[in-house]
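Reader: I would like to learn how to read this kind of structure, feature by feature. Where do we begin?

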Amino acid sequence: MDTGSPGQEEDDPVMDQFMEKFRTQKYEGAFNPETWEQEIEKIPMFMKKSPSDIDPDKAPELACLQSILFDTDRPPEEQAKSYKDEGNEYFKEKNYKQAVESYTQGIKKNCSDVELNAILYTNRAAAQFHIGNYRSAINDAISARKLKPDHSKAIIRGALCFMEIKNYNEALKWCDEGLKIYPSDKKLLETRTNADKLLRTAERNMRKSKHNEKNKQKAKESLLAAIRSRGIQLQTLSLNEEDAEDASDSHELLYDGTSTDNATGAHVFLDESGRLSWPVLFFYPEHGQTDFISAFHEDSRFIDHLHEMFADSPPWDTDRKYCAENLEIYFENEQTQALYQVNKASSLLQVLQHKRLLVKGGTPSFLIFVKKSPFCTKYLSGRTVRA
């Protein structure tokens, strides 16, 4: 019986029928020819990026791969290495938070490979650095150096973290320790140069700040001495012990009485001739208005300021009643609530030396009324008024 020449296959009707079916019908699970690259990317085996946003419970293939990578039956060294590799992938993708988590899981394996553990700590320090957790990164760099004192990346990472928190002394220390081991390391040399430069600048600024503070304190002492020598009384704030502790940073402003709460920030000062100028506040109760003089010289008279202030009637003085000769000035003693009338021809210094006047908050304040006006009469009635 002739079986044909060698290698020649007999016709198989069943196979021919099966192949014909592929030519005429599309496979139900086939990729779309136009989007096959995106579709294959969804298969865990072929993913190019770490699937951090995929729930393994909804992706059995992914869960299977993870079980292979992180099988608890595997030696701790293998598991720690798998977490290190996973963390490295997250790091490349700039997913630093997830990288920290992977490195942390690797560290928790407590494997006996000192080199691997040092790398895990150093890599976690790098991820923490990029997140901005500089102190956590420093702790990791320290842990890495305990395992491997000559770990160059740990030394560099620690030095860079100290630079970020402006601890230049410690950054220099880490650089110097590293340069003893790696004297020509470019990154360590560069970091040391920057740290030294910034440290010198910080120290110079500190000296300048202390010098300025010393000068400010001298000027303040001179100012207070000038005020006391004139017999001017300052109304200072009294704080209980607990409040005083909370206000420790600003206690001088609270107690010396030369500060001011007005919005302009003006304050009493000594001029070159040794004379004082004060911020002064005028109240007009009838109209709910105020005037503020930022520098009322102690030798200036009230009447002169009134002439200047009311040379033109203010918009709120619709009846044009406010003119220098038609006004009365008072100050109030808060302790007794008594009002004391001010002689308009007096200088500011003469008024401030009144034994019943207390300067509150570094800003003398006065009430101004239209003389004998109905509002003035009503306001003063029932009040103690003294000259």
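Author: With contacts. A contact means heavy atoms within 4.5 Å. Among contacts in this chain between residues at least 6 apart in sequence, 55% join residues at least 24 apart. This is a predicted model, in which local features need pLDDT of at least 70 and side-chain atom pairs count only at pLDDT 80 or more, while totals for chains, interfaces and linings use all residues. Residues are numbered from 1 along each chain as its sequence is written, and side-chain values use heavy atoms, with hydrogens and water left out.

Reader: How many helices and strands does the chain have?

Author: Helices (H or I, at least four residues) and strands (E, at least two) are DSSP runs, numbered from the N terminus. Here the chain has 15 helices and 9 strands.

Reader: What share of the 387 residues is buried?

Author: Buried means under 20% relative accessible area, exposed over 50%, and partly exposed in between (1.4 Å probe, protein chains only). Buried residues account for 33% of the 387 in the chain. Now the surface. Accessible areas come from the Shrake-Rupley method with a 1.4 Å probe; for residues, only the protein chains shown count as cover. The chain's accessible surface is about 24,900 Å², and 49% of that belongs to carbon and sulfur atoms.

Reader: What span should helix 5 have, and how far apart are its end C-alpha atoms?

Author: The expected span of a helix is 1.5 Å times one less than its number of residues. Helix 5 covers residues 96–108, which is 13 residues, and should span 18 Å. Its end C-alpha atoms are 18 Å apart, so the two values agree.

Reader: Which residues of helix 5 are buried, and what do they pack against?

Author: The buried residues are Y96, A99, V100, S102, Y103, T104, G106 and I107. They pack against helix 4 (76–92) and helix 6 (114–131). Look just past the end of helix 5 too: N110 takes a positive phi of about 50° there.

Reader: Which strands pair with strand 5?

Author: Two strands pair if DSSP finds at least two bridges between them. Strand 5 is joined to strand 8 (residues 365–370) by 4 bridges, and the two run antiparallel. Strand 5 also pairs with strand 6 (residues 338–342), antiparallel, over 5 bridges.

Reader: How do I read aromatic pairs?

Author: A pair of aromatic rings is described by the distance of the centres and the angle of the planes. Rings of Phe, Tyr and Trp (its six-membered ring) pair if their centres lie within 6.5 Å; planes under 30 degrees apart count as stacked, over 60 as edge-to-face and the rest as tilted. A search of the whole structure finds 17 aromatic pairs. One of them, F302 with F366, is edge-to-face: 5.0 Å centre to centre, with 80° between the planes. F302 lies in helix 13 (residues 302–309) and F366 in strand 8, so this pair ties together parts that are 64 residues apart in sequence. F302 is buried at 1% relative accessibility, and F366 is buried at 1%.

Reader: Is the pair of F331 and Y340 stacked or edge-to-face?

Author: Stacked, at 5.2 Å centre to centre and 10° between the planes. F331 is buried, with a relative accessible area of 3%. Y340 is buried, with a relative accessible area of 3%.

Reader: Which residues do ring pairs link into a cluster?

Author: F282, F296, F302 and F366.

Reader: And how many disulfides are there?

Author: A disulfide is a pair of cysteine sulfur atoms within 2.5 Å. By this rule the count is 0.
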